[in-house]
Amino acid sequence: MQTRRIAVIPGDGIGIDVTKEALAVIQTVCGVTGDAVRTTEFDFGAERYLASGVSLPDGTHDMFRRDFDAIFMGALGDPRVPDMAHARDILLGTRFALDLYANQRPIRLLHDDLCPLTGRGRRDIDFVVFRENTEGLYVGMGGIFKKGTADEIATQEDVNTRKGVERIIEHAFRYARDNGRAKVTMSDKSNALRFGHDLWQRVFAEVSERYPDIESNHLYIDALALQMVKNPAQFDVIVTCNMFGDIITDLGAALQGGLGMAASGNINPDGVSMFEPVHGSAPKYAGKNIANPFGAILSAQLMLEHLGLAKAGLLIEKAVIGCIEAGETPRELGGSLGTREVGAAVCRRIEELGG
Ligand code: IPM
Ligand code: MN
């Protein structure tokens, strides 16, 4: 049997708390399904950065590529590193270095009670956002001129390449086709950003022609934000640029019951991919057994499914839904369980479902 090798970076703050539970869930579910998974933990994060001045040692990305099938990450960010230098190196650096161009962020409501919209429920909120993850405003091109003077100029380049735009749009359509989704919505701001997003318009028109079986439509990003709240049921798959994808997936997290519920995968379809909850490191809740581990656990689900372990993924999902239905939830969701108790409840349900 093939052993899946997973590199684990718990990171900072509550990342450490929720990763522990996600790993326990992975071990439990693989015990039930008989899948073989080996996890190796790395202490990359603020502590190590502050002690050594190094965020990611040389050769780390090559090692990930060579020795692992996937990477699981908790969260990064620490008040002792106010400029987030280590977080940028480790999180954004890995997205770039491993060319994790498809940031897959499912927006799925698991229980009607978690929905912040009146009159909406599970059947209304079930779509997937594909955020371009290697270009746009995130490439770090630009500069500051006459810093600190009244004439200061700061530029931040928005980079959109033909190849980059085409592969994320293509990925979204392929995902729709492979997963029984009827429609792909592309969102940009081409009414104002006449160059970069003109490219998105043209490429989207081209790629959508290759998928005549999939409906396609377009919404400007401001209109999309409104429609996500007004009528989220219209969406199946959304594809958008890095910056807009960042923003709308926080909005999407709110639709699912909060940032603590949102999972994500940073995918390179031809290489090693990285999985992480959408939430941050929330330093003030770190180590207090109060963080919501569901986002991390659902990210583990995404990872196992990506690694071909569909049965394990389904068991995790059923167990999480079972917990929410039974009120076995953290305080954030109105329950009374701690991080560890939620993790244990998910594990117990997986064993019951499997046994
Ligand atoms: C996310 C985060 C990151 C991003 C930050 C921490 C740089 O908000 O993964 O959504 O903007 O991509
Ligand atoms: Mn974000």
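Asn-103 counts as buried, at 0% relative accessibility; buried denotes under 20% relative accessible area, exposed over 50%, and partly exposed in between, with a 1.4 Å probe and protein chains only. Asn-103 belongs to strand S4, residues 102-108, where strands (E, at least two residues) and helices (H or I, at least four) are DSSP runs numbered from the N terminus.

The model is predicted: local features need pLDDT of at least 70 and side-chain atom pairs count only at pLDDT 80 or more, while totals for chains, interfaces and linings use all residues. Residues are numbered from 1 along each chain as its sequence is written, chains are lettered from A and ligands numbered from 1 in the order in which they are written, and side-chain values use heavy atoms, with hydrogens and water left out.

Not counting residues up to four places away in sequence, Asn-103 touches residues including Arg-95, Arg-131, Ser-264 and Asn-266, contact being heavy atoms within 4.5 Å. The side chains of Asn-103 and Asn-133 form a polar contact at 3.2 Å. A polar contact is a pair of N or O atoms within 3.5 Å; within protein, one must be able to donate a hydrogen and the other to accept it, and residues adjacent in sequence count only if both atoms are side-chain atoms.

## The surroundings of ligand 1

Arg-95, Arg-105, Arg-131, Tyr-138 and Asp-246 surround ligand 1, each with a heavy atom within 4 Å of the molecule. Oxygen atoms of ligand 1 lie 2.7 Å from a side-chain N or O atom of Arg-95, 2.8 Å from a polar side-chain atom of Arg-131 and 2.5 Å from a side-chain N or O atom of Tyr-138. Ligand 1 alone exposes 320 Å², of which the protein buries 72%.

## Nonpolar cores

The largest nonpolar core holds 83 residues, and Ile-169 and Val-346 have the most contacts inside it. Such a core is a set of buried Ala, Val, Leu, Ile, Met, Phe, Trp, Tyr and Cys residues joined through side-chain atoms within 4.5 Å. Beyond its neighbours within four places in sequence, Val-346 contacts Val-25, Phe-294, Ile-297, Ala-319, Val-320 and Cys-323. A second, separate core of 18 residues includes Ala-7, Met-63, Leu-76 and Met-274.

## Thr-28 in helix H1

Thr-28 sits in helix H1, residues 14-33, and is buried at 14% relative accessible area. The side chain of Thr-28 reaches the backbone oxygen of Ala-24 at 2.8 Å. Leaving out residues up to four places away in sequence, Thr-28 touches Cys-347, Ile-350 and Glu-351. Thr-28 and Arg-348, 320 residues apart in sequence, are 8.6 Å apart from C-alpha to C-alpha.

How values were computed
Accessible areas come from the Shrake-Rupley method with a 1.4 Å probe; for residues, only the protein chains shown count as cover.
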